[in-house]
There are 2 protein chains.
Amino acid sequence: MEAPRGLPLDTALRERAFKVVPGGMWGHMNARNLPAGYPQFFTEASGARLRDADGNEYLDFMCGYGPMILGYGDPEVDEAARAQRARMDIANGPAEVMVELAETMVATIPAADWAMFAKNGTDATTACVMIARAHAGRRKILVAKGAYHGAAPWCTPWPGGTTAEDRAHLIHYRYNDVASLEAAVAEAGDDLAGILASAFRHDARIDQEMPAPEFACAARALADRHDAALIIDEVRAGFRIDLRGSWEPLGVRPDLSAWSKALGNGYPIAAVTGADTMREAARKIFVTGSFWCSAVPMAAALATLRKLHRIDAVAHMKRLGLMLREGIQAQADALGVGLRQSGPAQLPLILFDDDPVFEKGNLFTVTALQHGVYLHPWHDMFLSAAHTEDDIAIALEATGRALEAVAQTLP
Amino acid sequence: MEAPRGLPLDTALRERAFKVVPGGMWGHMNARNLPAGYPQFFTEASGARLRDADGNEYLDFMCGYGPMILGYGDPEVDEAARAQRARMDIANGPAEVMVELAETMVATIPAADWAMFAKNGTDATTACVMIARAHAGRRKILVAKGAYHGAAPWCTPWPGGTTAEDRAHLIHYRYNDVASLEAAVAEAGDDLAGILASAFRHDARIDQEMPAPEFACAARALADRHDAALIIDEVRAGFRIDLRGSWEPLGVRPDLSAWSKALGNGYPIAAVTGADTMREAARKIFVTGSFWCSAVPMAAALATLRKLHRIDAVAHMKRLGLMLREGIQAQADALGVGLRQSGPAQLPLILFDDDPVFEKGNLFTVTALQHGVYLHPWHDMFLSAAHTEDDIAIALEATGRALEAVAQTLP
């Protein structure tokens, strides 16, 4: 890695942006959410590497906040997309690839008897909620407190611009807490439409939690008992835990699942998959978007799914995630730095003990960044199939320096 | 044009799709909305031409329901997108092209002091509503009865899966009816947040209406009087009426505008633009999506805007739209067929007199389709910069035959 050059061009771009974009940036990629030293703008992305506007190169563990799963610019996916684009992208209807992609998702995901496509993860979670309501003819949706399911008025984490009515029929439970889920079901009474749960608990700023088997089973049983839909939000986790669906290893199959992010290796696509029981309800809702039937992202998604399967990408990401996790743990232990690594190793989160305002996390990640490794202080990170063992060694070199900085500066 | 080959492969694809997609298709591109004879699936798109799965070629006047404005696969736009993709598409933040695109929109659209980007038209209209509410600290949004502003629960035209609360703070007025708008403002009382209006009235199945100047002025004055936002939904009309904004010729500038469809000539992008007065409110809402900062569609949009401007695409579309309109009118008059052509000529709609269930419209469009011209019986159509005078002559040959069929079969 070259020595970092600072961010003068990034700063200049931020100043230009500030004039023509509210606040200069918005949403989850707003670098104001990150410690000083992180770039806002990028110029190149290739494999597991990013280059910022100032020419600094980073080994990336955010993967575009999830979409990149095979590597930025994966040649196989890009070639499938290019070939499709040479024929058609948007038209007055879909291309054959829509059918192939739906067939492939149904063949890959045991809980899926059908698929529909969209653009945003929010499109998919919202459609799941609508289908659950249309199926049950009821209104209440149970949602885990603090979970992120998108940025529409019914689910966005900020109150700005929303009304109380946008969430009138949400009831909250605590993830992995069966008693709280039962209480929420009781509160919904005869108006229960669906139980929505993330594939695992990946709320920002707190330790991640894998779904407890008894929680997953209880959610399934409660949904069954009340003829309500069990909805899994796979937008963030999908295709990194298990290609068949993140709850498949638990033996729990949802009625509806929302997918996006990694599905097209960065090409913009989202999907809802569902069980046969939900098919009629899915026909009763009207959801659509100008680009939802575009063929290029579907061709990219098909190529992505095929390659993920062929190379057993999940096993690779899991193995490298564990290497990273174990390496960091050894470094932290040797330095006496208290930290917690939670969630699946391929979607790592590192939080420091006694670090309420992320001072240690910020110092850790900024130091790693200065050594060419892009981590996140409080959002889950992402491994990809493009990461190699050598990359993990490079990352561990940076995390070693970063942990030393934490041990020395904020002991 | 070759003789049409029928749709055996399309039928086979529909049967496959029916197994893995609810109802075989969904949304606005569902060919079940169209008369028998229309294809569901396409294989090629180039210029103003589409080819269906059976190899039938059509001169297209739907333009992918709007996104195509320079021609399918416009080489200039595709080259800009390809060059950007070779560097990066998605990363952990945007590329410089986001700033260039925002600057270009601000320079192009006099009402715009800033821009934000998204994927769906619905993302943009929803963000406008949220910004208006965040700005005013109030809730009521006035919407024209029957207008389409997207397919989220608050605006989707079907009730399936929605709740009464999703629309709790909408108040309806009649488009172009100042008295009804005033009544809606009165009903909102001190809770008025915004007035939402389409660039022109393009509700499906009824005659289109251009915005009456007195209506546009009244909307502006009422919004000003109540410190509420005037929001123009440009998703469908944008960049076809006037590159500066569809109400600019009226001298009426909105506080917020929602854009999508034609902005990227088919590449998936949406935008909100707003006045300085709305900048702080835009910072107060949290809206985002996994692919909203992707660079490729932004590069495509930049190239699209530049080419639209350079070739004066609006004048071209208007001129060819008028040629088509006048030609059809002459044909209809000669045959004694009563029909109405409404709205801007570059977004044509043709409805027949005494045709409550679109029997004439269906026969007209199916006959045109059999002669290789893809029209729509009850949704506005779209001209593009790729259409030529020769294309209009080809279209008029088909509409002549189609009007004869109407005159003979349904006099």
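Visitor: Is B:Glu44 buried, partly exposed or exposed?
Guide: The model is predicted, and the classes rest on relative accessible area, with buried meaning under 20% and exposed over 50%. B:Glu44 has a relative accessible area of 39%, so B:Glu44 is partly exposed.

Visitor: Which side chain does B:Glu44 meet in a salt bridge?
Guide: A salt bridge requires a side-chain nitrogen of Lys or Arg within 4 Å of a carboxyl oxygen of Asp or Glu. A N to O distance of 3.8 Å is found for the pair, and the partner of B:Glu44 is B:Arg51.

Visitor: With which residue does B:Glu57 form a salt bridge, and how accessible are the two?
Guide: B:Glu57 has 32% relative accessibility and counts as partly exposed. The closest N and O atoms are 3.7 Å apart, and the partner is B:Arg49.

Visitor: In which helix do B:Arg283 and B:Glu280 lie, and how many residues apart are they?
Guide: The side chains of B:Arg283 and B:Glu280 meet in a salt bridge at 3.8 Å, N to O. B:Arg283 is partly exposed at 32%, and B:Glu280 is partly exposed at 46%. Three residues, about one turn of the helix, separate them, and both lie in helix α7 (residues 279-284) of chain B.

Visitor: Which element supplies the largest share of the side of chain A that touches chain B?
Guide: Across the interface, 32 residue pairs are in polar contact, both residues being at pLDDT 80 or more. Elements of chain A that each supply at least two residues to this side include α1 (8-20), β1 (42-46), α3 (96-108) and α7 (279-284). The largest share, seven residues, comes from α3(A).

Visitor: How many nonpolar residues does the side of chain A that touches chain B have?
Guide: The contact takes 95 residues from chain A and 95 residues from chain B. By class, the side of chain A has 23 polar and 22 charged residues, and its nonpolar residues number 50.

Visitor: What area do chain A and chain B bury between them, and which residues of chain A lose the most?
Guide: The size of an interface is often given as the accessible area lost when the parts come together. Here that area is about 8,300 Å², with 62% of it on carbon and sulfur atoms. On the side of chain A, 11% of what is buried comes from the residues that lose the most area to chain B, namely A:Trp26, A:Asn92 and A:Phe286.

Visitor: What relation superposes chain A on chain B?
Guide: Two copies of a chain are related by a rotation about an axis and a shift along it. In this model the rotation is 180 degrees, the shift along the axis is 0.0 Å, and the RMSD is 0.0 Å. That is therefore the relation of a two-fold axis.

Visitor: Which residue of chain A comes closest to the rotation axis?
Guide: The question concerns C-alpha positions, and the distance found is 2.6 Å. The residue is A:Glu165.

Visitor: What phi has A:Asn265, and where is its place?
Guide: Most residues other than glycine have a negative phi. A:Asn265 is in the loop between β9 (256-259) and β10 (270-274) of chain A, and it counts as buried at 8% relative accessibility. Its phi is positive, near 50 degrees.

Visitor: What phi has B:Lys261?
Guide: The place of B:Lys261 is in the loop between β9 (256-259) and β10 (270-274) of chain B. Its relative accessible area is 9%, so B:Lys261 is buried. Although B:Lys261 is not a glycine, its phi is positive, about 35 degrees.

Technical notes. Residues numbered from 1 in each chain as written. Chains lettered and ligands numbered in written order. Predicted model: local features only at pLDDT ≥ 70, side-chain atom pairs only at ≥ 80, totals over all residues. Heavy atoms only, no water. Contact = heavy atoms within 4.5 Å. Buried area = accessible area lost by both parts, 1.4 Å probe. Polar contact = N/O pair within 3.5 Å; in protein donor to acceptor, adjacent residues only side chain to side chain. Helix = DSSP H or I, 4+ residues; strand = E, 2+ residues; numbered from the N terminus. Nonpolar A, V, L, I, M, F, W, Y, C, P; charged D, E, K, R; others polar. Least-squares fit on C-alpha atoms with pLDDT ≥ 70 in both. Buried < 20%, exposed > 50% of the residue type's maximum accessible area, 1.4 Å probe, protein only.
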